[in-house]
Amino acid sequence: MRVIPGTVAGLVGSVLDEALFDVTTLIREGYDDARSKELPLIVKPADSRARSAFTTSLVERRELRSIGAVAGKQPKGKPMTALAGQAAAGKVWLDHRVRATQAKLDRNLRQVSAPQAWAAGYTGRGARVAVLDTGVDATHPDLAGRIAETADFTDSSPEAVDGHGHGTHVAATVAGSGAGSGGERRGVAPDARLVVGKVLDDLGLGSDSQIIAGLEWAAPRADVINMSLGGYEASDGTDPLSQAVDAVTEQYGTLVVAASGNDPLDRLISTPAAAASALTVGAVDGADRLAEFSGRGPVINTNALKPEIAAPGVEIVAARASGTGIGRIVDERYTALSGTSMAAPHVAGAAALLVQQHPDWDARTLKAALVGSADRLEGADAYTIGSGRLNAARALGALVPDQAVVNLGAGGAETKLAWTNIGARDAAVALSATVTDRLGAKAPGAATLSERRLAIDAGGTGTAVLRIDREGLATGYYTATVTARAGGRTVTTPVAFYVEPPTVELSLSMKPLPDAPAEADIFLFGQIVNLEDPALFATTFYLNRDGEGVKVRVPAGRYSITGSIYETVELQRMALTGDSDIVLTSDTAFTMDATNARPANVGVEGVETTPVAVGVYFEQRARRGSGWYDFAFAWNDSARAGGVYAVALDEPAVGEFQAYTVAGMEAPGPSFYEVIKAHPSGLPADASHQVTAAERARLVRIDQRFHRLDKPETTTGHKRYGVNSSGRLISDTTTWDLSGDRVDYVSPEYRWIDEAFYDDLVTQEAPRRYAPGSRHEKVWVRQPLRPDWYDDPAELVGGCAPEPISRTRGHLYVELVPMTDQHQRVTCFELGNATTALYRNGALLGEVEGSVGDFAIPAERGTYRLVHEVDNSGWLPSSTRVSTAWTFKSAGPRGTGSAPVPLLSVDYELPLDIANRPAGQDAAFTVHQAHGVARQRITSFGLWTSVDDGVTWKTVPVSRDGAGRFTARLPQVAAGQAVSLRVAVKASGGSALDQTIIRAYQS
């Protein structure tokens, strides 16, 4: 959302950066009024006279000589018009925040052939690699003696100490000695020297100007600069940081290696990776598959091919900075991280090997050698992995391309290519060229070479002209891969080009639903997506009732133009409208027309139902690329008033399309129906659905019981999400003020996520898929609440799921569910005062506050006791104090992997009524064991009760009722008495659980 004052509207874009007025950007980067009284700027004046005028208005100024600009902060009270006027025809940018490009987790030197390069004598000796990042832990054994210089540009650590961990991990991937692991975890260039600039703070954040300053410092000091960082938005390489990269590369010949970013959508290459001179690196996993997080091209506006190369970036194990906890900690010295941040330093290290071999090579030659020698990944899209995955040894060969990647754009028809033979013998070189689109389909005859064979003398250069024939090629992005082979040596050059169609003007307008109230606020959010390739064109648009419409130029082709019209009054209405497959060959006026939209009504034959939620939803995918979706939904009174409408959306001839009608309905009983109707051939004109008797017979039955906490003025609610086969949430129904029994019926073939609310807190289960006609039971908010561990293998939607408790050879990670009503349910809160301690063979290893902890442990087998104490008396009259001790035996797994630990858990099935008061005496207890470990026989189960808050205890006889289930008859207590419980469980493999719950329930 942008807010642009009328006084500067004419300057936006040409002089003033649009981001200065983008509220979403300012909030995301922490520059909103609530968090910042100043606006950080980068100002590039038109001339020296303008420079002297504006420097007085900026505070904390920093010269950025590489781009002829000044960075500083401007108080928000000072009008922007003054600064814009002083800058004359120059440019004023927002000094964007930049982040460490770390995703989630892994690995491997053998994958990039580093050992072969070392065997040939190349270890990076004599080369200098700058790492611009969060600093470095210079005390780490892998980095001791490796660091030549450090500098801080964050004003937070004069010695550039890494309090985050990202920079240390990156630095060790470049040039770690492996001393901390007996040589197991060496960097790609273990004998290179490091120049470390701390440009990101200990939160992993920094600004453009800090990084530019670090870049200017590093460029004359290093042969290679690694930048495992990036912005939030796509760039075309004209932003200040990208300009600085190009400038220092030109001035010093230093190669800048940049991570492509961790936004896995087309055209989201950000700064500094978008810089033309940067060697931009994507990530692959250990099997050379594109990492799901890896940033993809092409570059916006220029359509340039990036990333240009890929390297391992999943589960990379490298140095862990002292006192930091990012990643999957392996032991005191190492952690595993994933991201293009981890891929880039592999390439920077390989560049250092080349510098050792060829100290006179400049950035252009280093880049060409690395890109040209990458291992090709057959069938992969060049706009995601460039020329292929890094091969550090092959880059040391005798045949070197003179160019890395050639970008011909939409108009270039030919390019002259060259190869240099740096070997001692003459080379006979065979040339070939293959053109493919982004799906890997070949285009025979689209590329020709002027020469098929070259004879290149030792030390000489051979050339050939590549010509591109676009005739007959469909619109889109292509790569001509030119391969040169000589004596078993193969190098490639990707030549990217674009087949551009004519553009047409698309004029968009809106017609609302019939009988729209005059006072209603009516608006539409829509999207336009090219169905051949969203990278060709994809955008969103906004229309409102009183607006003039929207005009946009798009490449001629096949599109989906869809959107949702919102009508907001006391009762809201929504309408899904548009066209899911329309061919645009000329200027077109298109109306987002809801006048013929029909209401979507849902019911169950033979059952009187009342809608709580009704929706129409679709998801669509083009021939390639990521999918998108849209919907019209109504809840509660708006749903009961029939507030959902839709027009027909035909099944497209290209890509994939799936539409659904969904509803949640109350019925007598009480009962509840949650149904999803898939429309197999597009969205029909009438999206209504009546559940037939045959469909009803296939519905899944879930007998639900809703308790309420034994607490004044408490309520219980329930929410259920429906998840389709692609993992999208397509249904969402909430019901409130529940107590007692309810029979729910849900559609099979889908996954369902259930959660309950109590006192505005939430507990959630992982997604479940149920067989048609099956029957299940769920009980919610039955006391006692207690801490637990969670390891459900089904992936939970949302950010509340803790990681399963697991260990590596030197580290145990603990993350508990603070309080839950049932095993394998998670909660999004921690309101009690808790501590967690770990003992090994009776000795305390460590203690932390809260329910999350990292503990250093030895690899050898031992007996562990994990003790968690929580005091809930400040917010909960029941479960006021809970003490839990988990005992288990464990040894470290081999290598750097993780392994689960054999924990036990108990579910309490107490005879409590809806208000969580006693309604009988017969109780049952179920013992659960962790996934991924050997099953143990439960050898004993003990139960005790107390009516004096744990001062004295009474043993309760227990009977076994199956392998892990036990029953007991609880004693009757006087009215008003609180009952505390203690259970003790032992298993054959040495695991045990001892849990004491003070005031588990009250009579």
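In the predicted model, Leu370 touches Leu255, Leu279, Ile309, Val347, Ala350, Ala351, Leu354, Leu390 and Ala395, when residues up to four places away in sequence are not counted. Leu370 belongs to the largest nonpolar core, which has 71 residues, and is listed with Leu194, Val257 and Val347 as having the most contacts inside that core. Helix H8, spanning residues 340-357, supplies the largest share of this core, namely eleven residues. Another core, of 61 residues, lies apart from it and includes Phe541, Ala597, Val604 and Tyr673.

An open sheet is formed by four strands in the order E2-E3-E1-E4, with antiparallel pairing. Strand E2 (59-64) and strand E4 (91-94) stand at the edges, and because each has a single partner strand, one side of each is left without a neighbour in the sheet. From one strand to the next, the twist averages 25°. Between E2 and strand E3 (residues 69-75), which run antiparallel, there are four bridges, and Val59 stands opposite Lys73 in E3. Helix H6 (residues 208-218) packs on this sheet, where it touches strand E1 (38-44) as well as E2, E3 and E4, and the direction of H6 makes about 40° with that of E2.

Lys778, found in strand E51 (residues 775-780), has a relative accessible area of 9% and is therefore buried, the limit for that class being under 20%. The side chain of Lys778 makes a polar contact, at 2.8 Å, with the side chain of Glu765. Beyond its neighbours within four places in sequence, Lys778 is in contact with Glu765 and also with Ile702, Asp703, Gln704, Arg705, Asp754, Tyr770 and Arg825.

How values were computed. Residues are numbered from 1 along each chain as its sequence is written. This is a predicted model: local features need pLDDT of at least 70, side-chain atom pairs count only at pLDDT 80 or more; totals for chains, interfaces and linings use all residues. Side-chain values use heavy atoms; hydrogens and water are left out. Helices (H or I, at least four residues) and strands (E, at least two) are DSSP runs, numbered from the N terminus. Buried means under 20% relative accessible area, exposed over 50%, partly exposed in between (1.4 Å probe, protein chains only). A polar contact is a pair of N or O atoms within 3.5 Å; within protein, one must be able to donate a hydrogen and the other to accept it, and residues adjacent in sequence count only if both atoms are side-chain atoms. Contact means heavy atoms within 4.5 Å. A nonpolar core is a set of buried Ala, Val, Leu, Ile, Met, Phe, Trp, Tyr and Cys residues joined through side-chain atoms within 4.5 Å. Two strands pair if DSSP finds at least two bridges between them. Axes are lines fitted to C-alpha atoms, for helices over the stretch in contact, and angles run from 0 to 180 degrees between N-to-C directions.
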